[in-house]
Amino acid sequence: MSENAKIVMETVRTADHDRYVSALYAPEDKRDALFSLYAFNAEISGIRDRIREALPGEVRLQWWRDVIAAENDGAGEDDGAAEDGGAGTGHPVADALKATIAAHRLPKLAFENMLEARVFDLYDDPMPSRTDLEGYCGETAAALIQLVAMVLDPAEAPRFAELTGRAGCAQAMTGLLLLLPQHRKRGQCFVPADILAAAGSSPEEFVAGDGGPGAQRAVAAMIALAREHLAAFESGASALPVSLRPAFLPLALSRAYLGKMESSRHSPLDGAVRLSAMRRHWLLFRGATRGWPDA
């Protein structure tokens with residue numbers, strides 16, 4: 001393994017341990033590509049945490065757009081250009097990503113849409129509606145799953161695009177619920193305004209103090225929405241070929257997280273909801289070896 005590959009792998013291990021473990025269940029010759037995709041996701045999803053102001057954050061997203069746009073997909077070029085993705089940037093994650101895009105002929109539009117969706121993270125604008133939230137989840141988590149699936153098995157991946165959408169919504173919504181204390185602390189609200197209105201709340205009230213009397217109802221509605229997408233994914237997950245299983249492995253944790261959130265002792269409004277490392281590893285191992293046979 002090259003020094004850059006080690007840096008990329010360590011980035012994922014530190015920033016997104018569950019996806020790191022999931023990637024270890026992929027074939028060895030696919031892991032570096034998966035780590036590059038997961039490291040890219042960690043880089044862009046964490047911009048708000050590292051850069052406090054929106055404008056520098058947008059500049060960083062534009063840098064990634066430029067890196068990806070400059071990547072040579074190898075069409076009409078020699079094999080060497082296709083393998084290394086063109087000239088290096090000096091940024092280990094960016095260079096690894098460029099190589100992955102070139103080697104697996106991944107669609108640049110998916111990355112462009114992912115970066116555009118991440119602009120929302122930089123501001124405190126409320127999420128307008130459930131439809132907007134599902135679109136955000138589709139362009140971020142679902143797109144990442146689909147890209148990983150294309151690396152693992154490009155022939156089979158397109159068959160499961162609809163299932164990928166459901167998986168991405170379930171995973172992203174679960175993740176947003178886990179991050180609820182952090183988002184509320186900085187005045188950011190990913191709970192859609194129409195769900196808040198139905199719960200008798202508003203984005204402004206939800207992020208203030210204890211969230212107001214409608215906060216628990218809004219959280220319950222978000223959990224129900226995540227469960228709806230998770231159930232839709234699980235109903236078709238038994239058809240997934242073994243080759244694609246690692247792309248969906250993080251979903252093995254969603255049901256456990258949602259179940260814990262529904263406990264009155266573990267409301268996402270009160271603090272971070274956690275699963276022990278042992279339980280997470282067990283759920284990922286079970287998903288990797290059994291899939292979703294009971295779905």
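Alanine 198 sits in helix 12 (residues 193-198), where helices are DSSP runs of H or I with at least four residues, strands are E runs of at least two, and both are numbered from the N terminus. With a relative accessible area of 72%, alanine 198 is exposed; here exposed means over 50% relative accessible area, buried under 20%, and partly exposed in between, using a 1.4 Å probe and protein chains only. Between alanine 198 and arginine 52 there are 146 residues of sequence separation and 32 Å of space, C-alpha to C-alpha.

This is a predicted model, in which local features need pLDDT of at least 70, side-chain atom pairs count only at pLDDT 80 or more, and totals for chains, interfaces and linings use all residues. Residues are numbered from 1 along each chain as its sequence is written, and side-chain values use heavy atoms, with hydrogens and water left out.

**The largest pocket**

- The largest pocket has a volume of about 1,200 Å³.
- A pocket is an open set of points on a 1 Å grid over the protein atoms alone, with protein on both sides within 12 Å along at least five of seven lines, while a cavity is a set of points where a 1.4 Å probe fits but cannot get out; lining residues have an atom within 4 Å of a point.
- Grid points are joined across faces, edges and corners, and a volume is the space filled by probe spheres set on the points.
- The lining of this pocket has 41 residues, and Ala15, Asp16, Arg19, Gly175 and Leu179 are the closest to its centre.
- Helices that each supply at least two lining residues include helix 1 (3-15), helix 2 (17-24), helix 3 (28-45) and helix 9 (130-152).
- Helix 10 gives the most to the lining of the largest pocket, with six residues.
- By type, the lining of the largest pocket holds 16 nonpolar, 13 polar and twelve charged residues; Ala, Val, Leu, Ile, Met, Phe, Trp, Tyr, Cys and Pro count as nonpolar, Asp, Glu, Lys and Arg as charged, and the others, Gly among them, as polar.

**The cavity**

- Searching the whole structure turns up one cavity of 30 Å³ or more.
- The largest cavity has a volume of about 40 Å³.
- Leu176, Leu177, Leu180, His183, Phe190, Val191 and Met222 line the largest cavity.
- Helix 10 and helix 11 each contribute at least two residues to the lining of the largest cavity.
- That lining divides into six nonpolar residues, one polar and no charged.

**Salt bridges**

- The whole structure contains 13 salt bridges, each defined as a side-chain nitrogen of Lys or Arg within 4 Å of a carboxyl oxygen of Asp or Glu.
- Arginine 118 pairs with aspartate 121 in a salt bridge, with the closest N and O atoms 2.9 Å apart.
- Arginine 118 counts as buried at 11% relative accessibility, and aspartate 121 counts as buried at 7%.
- Arg130, Glu134 and Glu228 are linked in a network of salt bridges.
- Arginine 130 is partly exposed, with a relative accessible area of 29%, and glutamate 228 is partly exposed at 36%.

**Other residues to look at**

- Arginine 105 has a phi near 50 degrees, a positive value in a residue other than glycine.
- The loop between helix 7 (92-104) and helix 8 (108-117) holds arginine 105, which counts as exposed at 57% relative accessibility.
- Alanine 221 lies in helix 14 and counts as partly exposed at 30% relative accessibility.
- Alanine 221 and isoleucine 195 are 26 residues apart along the chain, and their C-alpha atoms are separated by 7.1 Å.
- Tryptophan 282 belongs to helix 17 (residues 277-290) and counts as partly exposed at 46% relative accessibility.
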